[in-house]
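Please examine the sequence and the model shown here before reading on. The paragraphs that follow lead through selected elements in turn.

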Amino acid sequence: MPRQILFARSWARDRMAAPLMLRVDRRRRFKLCILAVSTIALASFITMKSQRPTNSDLRNPVVSVVRQFHGIFGGQGRKARKNGPKSGRPECAGKSTALVQQKITDVGAREILDVKNNRIDKQPETRKEILLRSLPDHQVWRNFVEIMQIPRQSFKEWQIRDWAAKLGKALGCEVQMDSVGNLRLRRPPSPGYEDSPKIAIQAHLDMVCEAVPGKLHNFDRDPIHGIVRDGWLFADGTTLGADNGVGVAAAIAILQDPYLQAGQIEILLTVAEEKDMRGAANIDKKLLDSDILINVDSESEHEICAGSAGGFGKTLKRQAEQSPRQGGEVSIRMEISNLAGGHTGVNIHEGHANALVVWARLMDKLSESGIEARIVSLTGGSAHNAIPRQVKASIFISQEDVADAQAILHRHFKEINLEYDGFECRNWEFIISQPETTYDFGLKPTESQDLVDLILQIPDGVDRMNAGNMEGVESSMTLSKARVDPLNGEYTLELFARSSSPSRLRFLNRRLDAIARSRNAEASEQLRPFPSWSPKTDSAILKHALESHNKLFKKKAKIFSVHAGLECGILSQAYPHLDTISIGPTILGAHTPEERIKVDSVIPFYDWLKEIVLDAGKSGGVLGLKNKFREQG
């Protein structure tokens, strides 16, 4: 048979058999795939049974499956590299790598991807861990971020106290708590430093708990969430608690330093400082045994606080006489708002206007212009330690004087606003309107003038600055709140006086008594008094801290006296022999949701604190320094 015919028959036979062979091949492939899948499932099941799942596996089963699937193929692939193609990656290994590189989203989690070793490790990352990565790697920051996780409202400090006590015991410290809840951790002196000065580092455990309107935050349970922005650490819509959490963190970090050689170190952590300082006021006098006290509740870097103001509140009251509204009188409402305000201690030197004094000046201007105005009601101020930002008042005035009175009031208000140009913003608001509620009685003309005169007579603002090389305000007085009851005519003025001089505080108290007598008003006794901490320019620890700062930073530290209350004054009364200073990092907006701490000020603050402790414990002059402390006591 010709070769062409044989070839044609062979070709035709192959063409007819090809579909059948293809179907057989597909069936074999399908069976092989089923077998492979079954084998994979069985091997995965055996592997999962034999291996203990990790915490991340339990939290995310998807990651567990991917890990097991990848382990089978990835591990086999690595073994196959010896005999496989040049790339060393079998087909299934390439598929697993694609799965590895596929992003698995999970809120608050990170992916640690290692393609080189052909494995995946996914671990949860909390907001705490994210914050730690945003901050310098330092023990103080680690401590503070841990403190931020612990609720610590005033009078509810037990959780943070337990944390500190447990840590102190782990560090080998002697731990003791007094009857009011103050905690003391005592580290024994290093060998050879038994005669070095004994140093106490003091901070308070509680924090002010405030949140912005609409912020859902339970301060009894929820941690503080931090946000680093433009070199500052803020909280997410709440107070941060850097006052005084960073101080606690720094004090604990001193104990955690295994290489620090010094004399005895005590860490004193007090309670309720942000409310009434009852922890310091009722401290067990046997709790501390130190020569030096370093308070770490200051809020300015490279500065030494060597004194703080004492203070007291006082109330002036008078039952003024009322008379009915006359036929020609109308009622108008005066509202002053949007002043800067501020803290009656920390911000008093900034020259901010007092809304109550501004209102009294407007009323006095009407009197000067011959327009009779009778006070019906008055409400101004919000807190005893805040400069009033707004006032609301209602007055009776003759109908024929309304137009002139409005012109005079608006003109004089603008003049007063201009006086404070440069001290605060100019966007004050002054509104004259009809009152929402009308009354039939107002103070008699003489009573109204007496109240205006009383407000203008009270010293408001800085009374005296510190003398010598001590910067800052020594004494001040603030009219914090005022109220006239429209129903009975009784008026109440609340004042707050501060001074770092005990004798000046006594004088300010007597001065207010004299002013009250001159206006037939009743003056209360001192309310919520707290002692001052008088600066000592010859303080041995102050000079020592200055030398340590100059050596560490090559510049001189600023010495100041803070015009606010610190526990140093109270503790100095309980332990008169203590030589005391206060230092700290830069903190702004304390006690508000705008509270923030300058990130790059924290480590220098800690280094300075540590340098003071180290230098005090060094040999050579140490005994002489200790003798100075004993002589001062």
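**Salt bridges, strands and a helix in a predicted model**

Glu 266 and Arg 186 form a salt bridge in which the closest N and O atoms are 2.6 Å apart; the term denotes a side-chain nitrogen of Lys or Arg within 4 Å of a carboxyl oxygen of Asp or Glu. This pair links distant parts of the chain, since Glu 266 belongs to strand S8 (residues 265-270) and Arg 186 to strand S4 (residues 183-187), 80 residues apart. Helices (H or I, at least four residues) and strands (E, at least two) are DSSP runs, numbered from the N terminus. Glu 266 is buried, with a relative accessible area of 0%, and Arg 186 is also buried, at 16%. Buried here means under 20% relative accessible area, exposed means over 50%, and partly exposed lies in between (1.4 Å probe, protein chains only).

The model is predicted, so that local features need pLDDT of at least 70 and side-chain atom pairs count only at pLDDT 80 or more, whereas totals for chains, interfaces and linings use all residues. Residues are numbered from 1 along each chain as its sequence is written, and side-chain values use heavy atoms, with hydrogens and water left out.

The structure holds 31 salt bridges in total. One of them joins Lys 558 to Glu 303, with the closest N and O atoms 3.9 Å apart. Here too distant parts of the chain are linked: Lys 558 is in strand S25 (residues 558-562) and Glu 303 in strand S10 (residues 303-308), 255 residues apart. Lys 558 is partly exposed at 35% relative accessibility, while Glu 303 is buried at 17%. Another salt bridge connects Lys 598 with Asp 600, whose closest N and O atoms are 4.0 Å apart. In that pair Lys 598 is partly exposed at 26% relative accessibility, and Asp 600 is exposed, with a relative accessible area of 52%. Through shared partners, salt bridges also join Glu 174, Arg 184, Arg 186 and Glu 266 into one network.

Strand S4, which holds Arg 186, is mostly covered, five of its five residues being buried. In a regular strand the side chains alternate between the two faces of the sheet. Both faces of S4 are covered: Leu 183, Leu 185 and Arg 187 are buried on one side, and Arg 184 and Arg 186 on the other. Strand S3 (residues 174-177) pairs with S4 in the antiparallel sense over four bridges; two strands are said to pair if DSSP finds at least two bridges between them. Within this pairing, Val 175 has Leu 185 as its bridge partner in S4. The hairpin of S3 and S4 has five residues between the strands, and Gly 181 there takes a positive phi near 105°. S4 is also joined to S8 by five bridges, and these two strands run antiparallel. The bridge partner of Arg 186 in S8 is Glu 266, the residue with which Arg 186 forms a salt bridge.

Ala 262 lies in the loop between helix H8 (242-256) and S8, and is buried at 1% relative accessibility. Its C-alpha atom is separated by 5.9 Å from that of Tyr 193, although the two residues are 69 residues apart along the chain. Not counting residues up to four places away in sequence, Ala 262 touches Arg 187, Pro 189, Ser 190, Tyr 193, Val 613 and Gly 617, where contact means heavy atoms within 4.5 Å.

At its start, a side-chain oxygen of Ser 539 reaches to within 3.5 Å of the backbone nitrogen of Ile 541. After H14 comes Lys 554, with a positive phi near 60°. The buried residues of H14 include Ile 541, Leu 542, Ala 545 and Ser 548. Ser 548 is buried, with a relative accessible area of 1%, and touches Trp 608, Glu 611, Ile 612 and Asp 615, not counting residues up to four places away in sequence.

The mean pLDDT of the protein is 82, and 78% of its residues reach 70 or more; pLDDT is the predictor's confidence in each residue, from 0 to 100. Over residues 2-24 the pLDDT is below 50, and this stretch has two contacts in the model beyond near neighbours in sequence.

Key:
Polar contact = N/O pair within 3.5 Å; in protein donor to acceptor, adjacent residues only side chain to side chain.
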